[in-house]
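Subject: Structure handover

Hello,

Here is the structure I promised to pass on. Please open it first, then read my notes below.

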Amino acid sequence: MTPTFQYTVSFLEPGSHVYHVRLHMTNVPQGRHTLSLPVWTPGAYEVQDFARHIFDLRIEANHQTITLNHEAKNRWGFESVGDASSITLDYKVYAFELGVDTSHLDPSHAYWNGAQLFMWLDTYQKEPYTVRVQAPTGWKVATGLDTDPEHPNQYLARNYDVLIDSPFECGTHQTLMFTVDNKPHSVVLWGHGNENADEFTQDIQRIVEAQRDIFGSLPYDHYTFIVHLSDRGTGGLEHLNSTTCGVSRFAFKPRKSYRRVLGLVSHEFFHLWNVKRIHPDMLGPFNYDQEVYTHLLWAMEGFTDYYAGITLRRSGLFSVKEYLKGLADNLQAYEKEPGRFVQSLAESSFDTWIKLYKPDEDSKNRTISYYLKGDLVGTCLDLEIRHRTQSQFSLDDVLRRLYIRYAAQGIGFPESVYQETVEEVAGSSFQEFFDRYIYGTEPIPIDTVLGYAGLTISRTYKDLDKEDDLDATPDGSPLPLPWLGIDTRVVEKKVEVSISYTTGPAANLLQGQDHVIAVDGYQIQTVDELNERLRRNYRIGDTVTISIFRRGQLMAIPIVLAEAPYNKVDVEPIKDPSQEQQAFFESWMKAPLIITEPN
Ligand SMILES: [Zn+2]
């Protein structure tokens with residue numbers, strides 16, 4: 001007889017921030033057993049040691065208390081003796097961390113991510129689990145799990161992976177519904193701000209339809225969008241047939257800010273294919289006890305970012321101009337980071353556990369984000385495949401083949417398969433491409449590939465103040481600015497160095513956490529004041545003395561101002577695109593190349 005597992009989660013006093021969790025197991029064989037809690041949650045590649053929130057554990061076998069031994073940070077052992085087939089474990093979980101990959105309980109709602117609440121027994125991860133919910137009166141439950149047809153407050157997970165891949169949102173949230181391909185989709189909104197819930201729901205439907213068009217069908221019976229509106233920043237976590245998106249409550253206006261909200265939803269939804277189903281074999285089934293290593297997060301996260309944007313364009317939610325603006329902004333951010341010449345995409349992926357999720361003041365000098373560069377390399381790879389195949393094939397075909405051959409069979413692929421599939425689709429070698437831009441740190445061929453589509457990139461300087469008396473070049477375009485080579489931010493009313501660029505004139509002179517207080521003996525109090533003082537009163541090549549406090553010690557450091565990196569990147573159509581370029585663009589973007597939209 002295989003063991004059965006039934007969870008009950010109760011939270012009748014939500015103000016305590018404590019979940020009472022009961023795991024009832026039957027048919028547990030006689031002998032020694034281990035109960036474990038994940039140390040991380042899939043999609044957030046960071047060891048979070050969720051067991052730190054667990055307390056007051058008790059275990060009974062056939063109504064008799066037995067001993068539970070704490071054997072490791074996330075592991076407990078017990079011995080079932082005699083006919084101890086029925087085991088009940090009770091424990092409490094403190095949950096007051098509002099995030100998409102954490103758990104939160106207060107009088108306004110209950111949200112949990114399964115990795116924080118649910119343990120597994122021994123190696124029993126393939127068995128079905130049920131979850132019974134005991135919530136305050138009047139609270140609703142939203143989750144990606146199926147409801148038990150016989151028990152309306154009970155939910156069914158076909159195995160442990162699905163159990164912890166299905167977060168719950170319980171409370172008095174708004175629920176909006178739509179269907180695509182006769183499949184119900186719910187949009188669950190906790191909190192309020194300047195959202196237009198109906199318009200948001202319609203826009204999400206367009207995202208679902210545009211992404212469905214790439215793969216042809218939707219591989220689930222129902223899908224749940226959990227959206228938290230609060231004063232926190234923006235972030236999301238993907239799941240098999242649900243997602244949780246945390247959105248700043250006033251992010252729905254203006255349009256520029258709403259674009260980021262749509263970008264987030266589009267990214268998380270696309271993950272249902274890319275990473276939840278199409279993934280390297282290290283990313284599922286998971287080892288929840290420790291870090292898992294892959295060199296492919298640029299494909300899982302960066303390409304998901306690329307498709308988030310391109311499907312918003314194809315759905316009509318982003319105009320061509322908006323899409324190209326987003327591309328230009330990414331390019332500018334990428335080209336500003338010295339770390340792009342230090343760390344490859346493959347290394348960035350492998351080291352995510354110790355680098356991307358643990359940034360410090362020097363990270364931009366030494367690392368590159370697999371989101372940022374991965375998105376741009378996705379653009380390059382897609383356009384290069386299209387170019388080599390006269391637009392017969394694209395990166396879409398790579399994903400579709402990986403989906404059919406692996407994901408649809410419920411398995412991951414060996415890492416080498418990614419490049420092989422690209423080469424098979426394109427009918428030619430991509431060894432040099434992978435060596436240079438994925439395993440190496442060479443500048444990406446973005447200018448070349450955008451040229452295929454009749455686009456050109458300009459790298460210039462912002463005209464910061466057209467009215468003032470700054471010198472300009474003879475054609476009136478702004479001149480390069482003098483540059484100190486640092487970024488600053490205000491911390492506790494002090495202007496603090498957040499990074500000293502290794503490519504800047506202050507490298508080895510100013511360092512992270514220095515407090516900047518004066519330029520040539522005159523006080524500065526804000527970041528803007530520092531930047532304006534330098535811009536208006538100095539030229540490239542001038543020496544300025546920067547006064548700082550370093551660990552409480554006053555210091556004056558002379559620095560020769562260098563030429564600032566360009567701060568304005570634009571991607572625009574070339575003047576006279578050929579018919580070939582226009583057709584290429586249209587096939588990629590599903591819109592004509594001539595941009596006639598207003599600003
Ligand atoms: Zn993602």
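The largest nonpolar core has 82 residues. (A nonpolar core is a set of buried Ala, Val, Leu, Ile, Met, Phe, Trp, Tyr and Cys residues joined through C-beta atoms within 7 Å; buried means that 20 or more other C-beta atoms lie within 10 Å of a residue's own, with C-beta atoms placed from the backbone.) Val 188, Phe 225, Val 227, Val 265, Trp 298, Val 377 and Val 422 touch the most other members. Helix 5 (residues 297-314) gives the most to this core, 10 residues. Helices here are DSSP runs of H or I, at least four residues, and strands are runs of E, at least two, numbered from the N terminus. Domain 2 (173-257) and domain 3 (273-453 + 576-599) each supply at least three residues to the core; the bounds come from an automatic or database domain assignment.

This is a predicted model: local features need pLDDT of at least 70, side-chain atom pairs count only at pLDDT 80 or more, and totals for chains, interfaces and linings use all residues. Residues are numbered from 1 along each chain as its sequence is written.

What does Val 377 touch, leaving out residues up to four places away in sequence? Its contacts (C-beta atoms, placed from the backbone, within 7 Å) are Trp 298, Gly 302, Leu 345, Tyr 437, Ile 438 and Ile 444. A second, separate core has 45 residues, including Val 28 and Phe 50.

Four strands form an open, antiparallel sheet in the order 9-10-16-13. Pairing takes at least two DSSP bridges. Strand 9 (104-106) and strand 13 (140-143) are at the edges with a single partner strand each, so one side of each lacks a neighbour in the sheet. Strand 9 and strand 10 (residues 109-112) share three bridges. His 104 has Tyr 111 as its bridge partner.

Best wishes

How values were computed: Buried ≥ 20, exposed ≤ 12 C-beta atoms within 10 Å, placed from the backbone. Contact = placed C-beta atoms within 7 Å.
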